[in-house]
Amino acid sequence: MLKFTFLLRKTMSLSPSYQKFKDQIAAVLDSERLLTNPLQTLAYGTDASFYRLIPKMVLLVHSEAEVVAIIKAANALNIPLTFRAAGTSLSGQAITDSVLVVATHGWKHYELFDDKQKIKLEPGIVGARANTFLAPHGLKIGPDPASIGAAMIGGIVANNASGMCCGTAQNSYKTIADIRMILHDGTVLDTADTESVASFYETQAHLIEEIKDLRHTIVTNPALEERIRQKFKIKNTTGYSINALVDYEDPIEIIKHLMVGSEGTLAFISNVTFKTVVDEKHKSCSLLIFNSIQDACNATILLKSSPVAAVELLDRDSIRSVENDTEAPDYFKTLHEDACALLVECRDNDKEVLLQKQQQVKAQIVSIPTFTDYEFTSDPKQYYFNWKARKGLLPTVGGLRKTGTTVIIEDVAFPLPQLAEACVALKALFKKYEYHDAVLFGHALEGNLHFVFSQDFSNPKEVQRYEDLMAELAIIVVDQFGGSLKAEHGTGRNMAPFVEKEWGAAAYDIMKRIKKIFDPKNQINPDVLINPDPKAHLKHLKPLPESHAIIDKCMECGFCEPHCVSEGLTLSPRQRIVIAREISRLEATNDDPQRLADIRKDVTYQLDETCATDGLCALACPVHIDTGKFVKHWRADAITDTQKKVANYIGSNMASTTAIMRAGLKVVSFFHSILGTSVMSSISSGLHWISGGNIPKWIPQIPKGADKIK
């Protein structure tokens, strides 16, 4: 730990206000959790998005009391704060150039109660882990995002996550039971605690009245109220969850539901209570191939009223990405360009009922021809392949992209009757702007489409191409189809400039008032979700320089982190890659030699010496990156020619080397028996001091237990 302690003492220079804030927080957090050095601020400040801001300070908080103290100090000094858990957010919700407050370790407590019908979870619990607590009872949490194996509860709630099998009925908004939060002034509200609620009414009477006035503004404007209701009939996470203002009258219920999807811009979430949902024991699925997107979408409309758990759409490009898989059927390669697939899933706790559901599904769409016959399967091998074909789309594009480009995944939603026409329009848009690797897929049952493509941000021409794409996308989604620009990934920095376009001036004004009520100084995750800059989505773009063949395909998604044994001690695999890339960038550009030198001083312990190189990260990585293998290459590159010669000599002369070491230990043991432990320790300490901690290799050091060597 000597190296780690030294690393934490070395800091970046701070402005007077930030230095004062740091001095105050030093009384709350120990030095190992108050980070200001260049390596760690960059490593912890990175999220899964294609944006980058480097925080001045990272605070690793372990308790609510620490968060309250931090919020109060920041409020007094006008210091902006951004809260984060796993950082799997895709649209830049979890980055800042101010102070980043990370709530992961120390936030793992949970409680099952009300006969397992509710589960209270702290924000640092991974979504999949929450489901392991519930699985023995045949239950799960409602949200099931594709990132559930890495995304934490704090982000799942803050982004109103949904997913493949939950639709809108079981998303975070619909299944939230209670929430405990800390507001901008340090006030704590626990909606499950009657005393906390009563105190809140007394101390925050003005805020309560503001919430009531907001609701009054909406319900006395029938056109606005109807627009809100219509917009949330499909998936929608663009802007704040203003449906709370029409769904509920009680101010506490409104506040509770406004926090869902607020992306950390209104308060810090200490814990949430979900209503649990049934996790059916028996599952089956079928991959249906249709002759066109229109047929697939028409089938989806019919399936909406059938007993299905999920209906996932895969366009022809999506199918092409998996057609070379060894388990893929041969006919995949023969499909024409208009073909489209639907992955349909049925679930039930009763096998006989499951079979009945399958027959109902078949009967529902019998009028629409399919390219081949199909059957539902529960066979693990076939079931796994079908879902791999769907879930493997992000890594397929991510793994094949050109070095230096980033992989972008966005999601939109359309009214279901217009889904087919919208699919055609999106594919034409990608063709127009020459995004030839774009694939289109998504939760068809909810009119929710994802698209994935690679993007180069390294030159102005490419940035302009992206800007043009996004501008026309907004026109297609909003003006042409009346859809949602964000369906389930949260607004973030990428869609913040388009919130007013989607919602209109009246609804957008409601959202600005919400931000003002809960964050009057605009210090809680500013510029996310509400951002008046029309070019905000084109700024602070993350550089992805070429670094090493093993890691160049990394998307920095963070899926690896829950599997890393050194995460929380030093760096996770994602953070190691971030640092390696930054070193490569700084070496190539030579634009900040001092920063490069500072990072290099700390990198050996952080990146190299504490990596277990066990390859566990590769098991969870969407593009199968083994960061441990990369670290081995890093170590090999760092070895000098002399060290290599010594290592080769030792390896070739192991018997004599062992004999020399045994003799050396016996010499140490002999002097130890004569001089005693205290004298030998003093000699050892003196040698350590004289050498500055680098004891010459020819001086034997006293190993633990040397007095017991025979």
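Guide: Start with two helices, α9 (residues 205–219) and α22 (residues 505–518), whose axes come within 10 Å and cross at roughly 175°. Keep in mind that this is a predicted model.

Visitor: What does a crossing angle of roughly 175° say about α9 and α22?

Guide: Angles over 145 degrees count as roughly antiparallel. Therefore α9 is roughly antiparallel to α22.

Visitor: Which residues of α9 and α22 meet?

Guide: A general point comes before the list. An α-helix has 3.6 residues a turn, so residues three or four places apart point the same way. Here, α9 contributes Leu207, Glu210, Ile211, Asp213, Leu214, Thr217 and Ile218, and α22 contributes Ile510, Arg513, Ile514, Ile517 and Phe518. Sorted by class, this contact has eight nonpolar, one polar and three charged residues.

Visitor: At what angle do the axes of α3 and α24 cross?

Guide: The axes of α3 and helix α24 (residues 593–609) cross at roughly 75° and come within 8 Å. Angles of 65 to 115 degrees count as roughly perpendicular, so α3 and α24 are roughly perpendicular to each other. On the α3 side the contact is made by Pro38, Leu39, Gln40 and Leu42; on the α24 side, by Arg595, Asp598, Ile599, Asp602, Val603 and Gln606. By class there are five nonpolar, two polar and three charged residues in the contact of α3 with α24.

Visitor: How do I read a sheet?

Guide: Strands of a sheet pair through backbone hydrogen bonds, either parallel or antiparallel. In this model, an open sheet of four strands has mixed pairing and the order β1-β2-β4-β3. Its edge strands, β1 (34–35) and β3 (81–84), each pair on one side only.

Visitor: How many bridges join β3 to β4?

Guide: Four bridges join β3 to β4 (residues 99–102), and these two strands run parallel.

Visitor: Now a single residue. Is Glu263 buried or exposed?

Guide: A residue counts as buried under 20% relative accessible area. Glu263 has 3%, so Glu263 is buried. Glu263 lies in the loop between α12 (251–259) and β10 (268–275). Helix α12 is itself mostly covered, with eight of its nine residues buried, including Pro251, Ile252 and Met259. Just after α12, Gly261 takes a positive phi of about 85°.

Visitor: What does the side chain of Glu263 reach?

Guide: The side chain reaches the backbone nitrogen of Gly492, at 2.8 Å. Beyond its sequence neighbours within four places, Glu263 is in contact with residues including Gln93, Asn159, Thr237 and Asn525. Its C-alpha atom is separated by 9.1 Å from that of Phe83, 180 residues apart along the chain.

Visitor: Where is Thr300, and is Thr300 buried or exposed?

Guide: Thr300 is in helix α13 (residues 293–303). With a relative accessible area of 0%, Thr300 is buried. A polar atom of its side chain lies 2.9 Å from the backbone oxygen of Ala296. Leaving aside neighbours within four places in sequence, Thr300 is in contact with Val311, Leu342, Leu416, Ala444 and Leu445.

Technical notes. Residues numbered from 1 in each chain as written. Predicted model: local features only at pLDDT ≥ 70, side-chain atom pairs only at ≥ 80, totals over all residues. Heavy atoms only, no water. Pairing = 2+ DSSP bridges. Buried < 20%, exposed > 50% of the residue type's maximum accessible area, 1.4 Å probe, protein only. Contact = heavy atoms within 4.5 Å. Polar contact = N/O pair within 3.5 Å; in protein donor to acceptor, adjacent residues only side chain to side chain. Axes fitted to C-alpha atoms, helices over the stretch in contact; angles between N-to-C directions. Parallel < 35°, antiparallel > 145°, perpendicular 65-115°, else oblique. Nonpolar A, V, L, I, M, F, W, Y, C, P; charged D, E, K, R; others polar.
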